[in-house]
Amino acid sequence: MYKIALVGCGRISAKHIEAIEKLKNESLAEIIACCDPKKERAEEAAQKTNSIAYTNYKTMLSEIRRDCDLVSICTHAGLHTSQAIEAAEAGVNILSEKPQGCTLKSCDAAIKAADEAGIHYLVIKQNRFNPTIKLLRRAFEAERFGRVYMILANVLWTRPQSYYSAEKWRGTYEFDGGCLSNQSSHYVDLVQWFGGSVENVIAESSTQKIRMEAEDTISVVIKFRNGSIGNINATILTYPKNLEGSLTILGDRGTVRVGGIALNKIAHWEFDSKHEMDDELQTVDTQHDSVYGSGHLPYYRHTLNVLSGKEEAVCTAREARKTVELIQMAYKR
């Protein structure tokens, strides 16, 4: 049973708790501590997981460090890297929510701390584990697209003003970012994952409705070193509810569009020749009411396999840094 501590018991923590509780039923992992500066949040999460509640992260680390295999960081982005450094200094492996951080300097400092401590430092990229995306990646690695011309992502979601007013850090560049850094981070990851090394990024953004520092709408154009073009369109102003989270790849031998609300449906799949993987199209679509999808559980299974030496990490902190770098280039920061 791997022992996991959870720091940050807000919105996204529910997906982590759900995943780990399923692993607990299989005698693979369990939560031993939950930490949040808001006492009621920490106590509620601790009650759900039959663990100990903390309101101070340093105190939690000092008390559980010898019994803890992994710290899952689910706080806001501005705290991810500093909390990763503290976990590394305590000698505890790290699994951080996206994005890895809000600046490249802080990401590099956290990576250095993890290297010096000799611990694993992974970042959640659960959409890579969607059945649809796994099939798409197999087609990509089999070179079925031929030469890739364009990679496009649309994140057409909605967030009300009340969401941003509820927490002072939301929508600030220092602790969060706008709809690109927060809501679209996983889509930035996927576009870069398929596109490769980035040559140049240009972007136009605006804050049209939501009262916050960062953007509520943005369009990003990416020139990859291989000559292909990437495009990310993101907004939190879609009326009246979340509409689409999609990824489209256009090549000279194939075109695929993965759509749905959370990259959960194959909307278009066409190549110049047949392949046995095409028979799996009817099995990869899933139903979701949430934009978070279903990737947290398989990502945790992967993380446990990394800790046990059975698998190589799919998304190390160094890999996750590429997302932050692209976002910073779009923000010109």
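## The largest pocket

Sorted by residue type, the lining of the largest pocket comes to 16 nonpolar, 13 polar and 10 charged residues. Here Ala, Val, Leu, Ile, Met, Phe, Trp, Tyr, Cys and Pro count as nonpolar, Asp, Glu, Lys and Arg as charged, and the others, Gly among them, as polar. This is a predicted model, where local features need pLDDT of at least 70 and side-chain atom pairs count only at pLDDT 80 or more, while totals for chains, interfaces and linings use all residues. Residues are numbered from 1 along each chain as its sequence is written, and side-chain values use heavy atoms, with hydrogens and water left out.

The pocket holds about 750 Å³ of space, and 39 residues line it, with Ile12, Cys74, Thr75, His76 and Trp169 lying nearest its centre. Two elements give two or more residues to this lining, helix H4 (77-89) and helix H8 (185-195); H4 gives the most, with 4 residues. (Pockets and cavities are found on a 1 Å grid over the protein atoms alone: a cavity is a set of points where a 1.4 Å probe fits but cannot get out, a pocket is an open set with protein on both sides within 12 Å along at least five of seven lines, and lining residues have an atom within 4 Å of a point. Grid points are joined across faces, edges and corners, and a volume is the space filled by probe spheres set on the points. Helices (H or I, at least four residues) and strands (E, at least two) are DSSP runs, numbered from the N terminus.)

## H4 and its surroundings

On H4, the buried residues are Ala77, His80, Thr81, Gln83, Ala84, Glu86, Ala87 and Ala88. Buried means under 20% relative accessible area, exposed over 50%, and partly exposed in between (1.4 Å probe, protein chains only). Those buried H4 residues pack against strand E1 (2-7), helix H3 (57-64), E4, strand E5 (93-96), helix H5 (104-117) and strand E6 (121-123). Just past the end of H4, Gly91 has a positive phi of about 80°.

E4 (residues 70-73) is where Ser72 sits, and Ser72 counts as buried because its relative accessibility is 0%. Leaving out residues up to four places away in sequence, Ser72 touches Ile4, Ala5, Leu6, Val7, His16, Leu95 and Tyr300; contact means heavy atoms within 4.5 Å.

H8 is largely enclosed by the rest of the structure, because 11 of its 11 residues are buried. After H8 comes Gly196, with a positive phi near 90°.

H8 packs on helix H11 (residues 317-331) at about 105°, the axes 9 Å apart, which makes H8 roughly perpendicular to H11. Axes are lines fitted to C-alpha atoms, for helices over the stretch in contact, with angles running from 0 to 180 degrees between N-to-C directions; under 35 degrees is roughly parallel, over 145 roughly antiparallel, 65 to 115 roughly perpendicular and the rest oblique. H8 brings Ser185, Val188, Asp189, Gln192 and Trp193 to the contact, and H11 brings Glu319, Lys322, Thr323, Leu326 and Ile327. That set divides into 4 nonpolar, 3 polar and 3 charged residues.

## One cavity

Searching the whole structure turns up 1 cavity of 30 Å³ or more, and the largest cavity has a volume of about 70 Å³. Its lining includes Pro99, Tyr173, Asp176, Val324, Ile327 and Arg333, and divides into 6 nonpolar, 4 polar and 2 charged residues.
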